[in-house]
Structures are given as structure tokens and as C-alpha cells.
Amino acid sequence: MVNVRWQQVWSAKGAAVQPQRAPDASTLGVLMELGGYTSPTAAGALSAYERHFRYVRDSLSIGADDSVYEVGCGGGALLYWLHDQCARVGGADFAAPLVEHARAALPSSGDLVHADAAGIEAEPRYDVVLSNGVFLYFESAEYARTVTELMIAKATRSIGIFDVNDLARREEALAMRQAAQRERGLDYSGLDQLFLPREFFTAIASEHGLTCRIDDTATTDSANAAYRYQVTMHR
Ligand SMILES: C[S@@+](CC[C@H](N)C(=O)[O-])C[C@H]1O[C@@H](n2cnc3c(N)ncnc32)[C@H](O)[C@@H]1O
């Protein structure tokens, strides 16, 4: 089942800003803002996230000939950063207004769709299928398993699931999140996040005969970094 409250939050974020008519030098910054990169617990600095984006690209060995699909692409910040470093990008997000931003920023991609992550189609397949900063908004581990298996079916080579909340550090992460919200006078009560153990992904990879690597977060300036991990799987 989809987490409707998070869907409303992300849709409202996308609807608050008009999609750009044509991409320009400000586009990446606008899309980063729409992707929540400037929230109280995120780093806010573009350079910190470029380090993370480079890590995403390199951990999946994304090169000029590769097609890349993103589940939960939002306004397309990561896809926009990647699009001229690979052959083709596509993606899906459950917040329709954000998909409009992604389409405006990436007019040459004909595969940016409004869809719930558990509703993505296996076809067309892509070399790499990834999801960045999305699994934490899922309703349950069961939903996360469904999406992971769809991503595996859609990928001909590699799968990446980035910024997963680590179940082993849940209490510390919640305390940090609450303190950050208090400091900013925000109230996110009722907007819960999902935490998953690292074994959740190693087990699924093993069932599918994939190699699986899990890294701590390399982007150290984000308050969230210490509580999140990065998953890559390869055929
Ligand atoms: C932190 S933003 C990241 C956006 C993008 N991945 C990036 O890196 O720029 C999280 C995104 O996940 C999307 N999302 C969360 N749950 C989803 C779901 N169940 N199905 C599809 N999209 C989802 C939100 O709409 C939002 O765009």
C-alpha cells in the first residue's frame, strides 16, 4: 500500500513551483530544492550532493552507453545530473507535479511517468535501475520487497538503492530528526519513515543470484548520513 501522507507532501512540494519552460543554469538547483536536498536534516550544499551523485554513478559503473531508470525520480535532480553522462534516462514518481518538473528538465526522455513505485513496469528494461532517497518513505518492508523485486526484474545489469534508513540506528536517527525539527519549529508527527535492516537486501540479492554490496554513507555533511546506508546489486 502507498503511503498517502508522504504522497501529499511530495505532490504539494512539486505543485508549489511552476515547471521551468526550458532547462538552464539554474535547473539543477531548482530540482535539488524539489528533491528535499535542503530540508533541515539534509546537507543543503550542492557540492556535498555532487559527491553523493558521483558515488551513485561510480558504484553502479554508469557509463556513456548505459540506460538508467530511477524509481521515485521526483523532479529529476539526480537524473538531470546524470543525463549527459549516459545514453538514456527514464523514471517514475508518485507525485504528479514533480514528474512535470522532470519532464520539463529532461524533454528528450520519453519515459518519465506518474506511477507508484510498486506499479512500475518491467518493460522497457534498463541497464541500471536505481532509487535514491525513496525507500524511507515506503509504508512497509513488504512494499519495499515488492519494489526491490520489480527493480531487479527491470534491470539488465545493476540495481542501486541509496539512502536507506538503517534499522540498527533507528532510535538515534529519530532523536536527531526530532531535534532538527524542534530547532526549525517544524512538526512532522504522523509522517513516519521506514527503517530496514541491511540483511533485508542481502537476502533478496542472494535469492536472485545477485552480488550485493552495502556501504556506509560517504556524504558526511548530511545529518542523516550516519543513519543511512547504500545498496548496490549486480548480475
Ligand atoms: C527525497 S526525494 C528524492 C527524489 C529523487 N530520487 C532525487 O534523488 O532527486 C523522494 C522522492 O520519492 C518519491 N516517492 C516516495 N515514495 C514513493 C512511492 N511509493 N512511489 C513513487 N515515488 C515515491 C517522492 O514523491 C519524492 O519525489
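Which residue in β4 is the bridge partner of Y69? I looked this up in the predicted model, where local features need pLDDT of at least 70, side-chain atom pairs count only at pLDDT 80 or more, and totals for chains, interfaces and linings use all residues. Residues are numbered from 1 along each chain as its sequence is written, and side-chain values use heavy atoms, with hydrogens and water left out.

Strand β4. The partner of Y69 is V129, and I found three bridges joining β1 (residues 67–71) to β4 in a parallel arrangement. Strands are DSSP runs of E with at least two residues, helices are runs of H or I with at least four, and both are numbered from the N terminus; two strands pair if DSSP finds at least two bridges between them. I then followed β4 to β5 (residues 155–165), to which six bridges join it, again in parallel, with S131 standing opposite I161. Of the seven residues in β4 (residues 126–132), six are buried, that is, under 20% relative accessible area with a 1.4 Å probe and protein chains only.

Ligand. I counted 22 residues around the ligand, the closest being Y37, E70, G72, D93 and N132, where near means a heavy atom within 4 Å. For polar contacts, pairs of N or O atoms within 3.5 Å, I noted a ligand oxygen 2.6 Å from a side-chain N or O atom of D93 and a ligand nitrogen 2.8 Å from one in the side chain of Y143. The protein buries 97% of the 600 Å² that the ligand exposes when taken alone, by the Shrake-Rupley method with a 1.4 Å probe.

Conventions. Buried < 20%, exposed > 50% of the residue type's maximum accessible area, 1.4 Å probe, protein only. Polar contact = N/O pair within 3.5 Å; in protein donor to acceptor, adjacent residues only side chain to side chain.
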